[in-house]
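Subject: Structure for your review

Dear colleague,

Please find below the structure that I am handing over to you. I would be grateful if you could read the notes that come after it alongside the sequence and the coordinates.

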Amino acid sequence: MNYALIIAGGSGNRMGQDIPKQFMHVDNCPIIIHTMMAFQKHPDIQGIAVVCLAGWETVLQSYANQFCITKLKWIFPGGSNGQESIRNGIYGLKEAGCGDDDLVLVHDAVRPLLSQDIISSNIAICQKYGYAITGIKCREAILESEDGFTTNTSIPRDKLIRTQTPQTFRLGNLIAAHEEAKEKGITNSVASCTLMAELGGRQMHIVPGSEKNIKITTVEDLEILKALMKVQPEAWLK
Ligand SMILES: C[C@](O)(CO)[C@H](O)COP(=O)(O)O
C-alpha cells in the first residue's frame, strides 16, 4: 500500500495572514485541497493522512467532504516543528495498522502543484532503492553569508540539490529513523531528507522535481501560484 502523509501542522507565520497558508483559497479552493487532489487522483495512492494544525481538524474534514477527497482516512495532531509533525504522522499510521513495508510519501501541504509523474516516480524509486527524495539541480550562483547582508564566500553549485517533496520511505524505515533521532537527541531537523542525512547510513535516491512544484511560503509565492494556475489550470497535475 502507498500512503500520502501531508504535513499541515504549521501556522504559516512567514505569510503574515490571519489564516494558516494551507487553508488560504486560490481559485475558489483551499491550497491544502489542491494538494490533496494530486494524491486523490493518483491510482497508486490508497490513502491520505494529514498532520493538522490544532483547531483546524473539523475545517479540514469538511473541506475534504466538500471537494470529494474520499481517500482522506486519518487526521493526526501537528507537532511543535516539522520533525515532530512527521513523527506524529508515522506513529499514527503504525497505530492505524499500516505495515512496515508500506510506502509513505511525506509531502508539504503547501506544495499544491505536485504532478502525477512526480508521485509515480517517487513510488517507483522508493520501491527500487528504499529512499526517494524529490529534488532539482541548483541553477543559481550560491554565496554564503554569516549575517545575511555581506558575503565573500562562494559555494560551487554543481553538486547542490534543492529538495522538494514528496520524500518517500517505507514506514518501518521512517519509524527506525525517528527512533534513532530520539536516541541521538536530534529533535528539529528541517525535513525527512535532512534527518536521514544527519543520521547517516542511508543512501537517498533523487527523483527529478519541477520548478512548478512550488512551496507557498510568502505572499510572493502566492502570486506566482495564482499566475501559474491562471495560465495552465491543473495542467501539471495530469
Ligand atoms: C520539506 C521541504 O519542502 C523540502 O524543501 C522544506 O524543507 C520544508 O520547509 P518548511 O520550513 O517546513 O516550510
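The notes below describe some findings in this structure, which is a predicted model.

Helix α3 and its partner

Helix α3 spans residues 82-95, and Gln83 belongs to it. The axis of α3 comes within 10 Å of that of helix α5, residues 171-184, and the two cross at roughly 130 degrees. An angle over 145 degrees would count as roughly antiparallel and one of 65 to 115 as roughly perpendicular; α3 and α5 are therefore oblique to each other. Their crossing is left-handed.

On the α3 side, the contact is made by Gln83, Ile86, Arg87, Ile90, Tyr91, Leu93 and Lys94. These meet Leu171, Leu174, Ile175, His178, Glu179, Ala181 and Lys182 of α5.

Gln83

Is Gln83 buried or exposed? Buried means under 20% relative accessible area, and Gln83, at 9% relative accessibility, therefore counts as buried. Beyond residues up to four places away in sequence, Gln83 touches His178, Ala181, Ile186, Thr187, Asn188, Ser189 and Leu195. Two of these, His178 and Ala181, are also listed among the α5 residues that meet α3. With Asn188 there is a polar approach as well: a polar atom of the Gln83 side chain lies 3.0 Å from the backbone nitrogen of Asn188.

Thr134

Which residues does Thr134 contact, leaving aside neighbours within four places in sequence? They are Ile118, Asn122, Arg162, Thr163, Gln164, Thr165, Pro166, Val207, Pro208, Gly209 and Asn213.

Thr134 and Pro166 are separated by 32 residues in sequence, while their C-alpha atoms are 6.0 Å apart in space. The Thr134 side chain also reaches the backbone oxygen of Pro166, at 2.5 Å.

Helix α1

Finally, helix α1 covers residues 31-41 and is largely enclosed by the rest of the structure, because 9 of its 11 residues are buried. The buried residues of α1 are Ile31, Ile32, Ile33, His34, Thr35, Met36, Ala38, Phe39 and Gln40.

With kind regards

Note on methods
Residues numbered from 1 in each chain as written. Predicted model: local features only at pLDDT ≥ 70, side-chain atom pairs only at ≥ 80, totals over all residues. Heavy atoms only, no water. Helix = DSSP H or I, 4+ residues; strand = E, 2+ residues; numbered from the N terminus. Buried < 20%, exposed > 50% of the residue type's maximum accessible area, 1.4 Å probe, protein only. Polar contact = N/O pair within 3.5 Å; in protein donor to acceptor, adjacent residues only side chain to side chain. Contact = heavy atoms within 4.5 Å. Axes fitted to C-alpha atoms, helices over the stretch in contact; angles between N-to-C directions. Parallel < 35°, antiparallel > 145°, perpendicular 65-115°, else oblique. Left-handed = near helix turned anticlockwise from the far one by under 90°.
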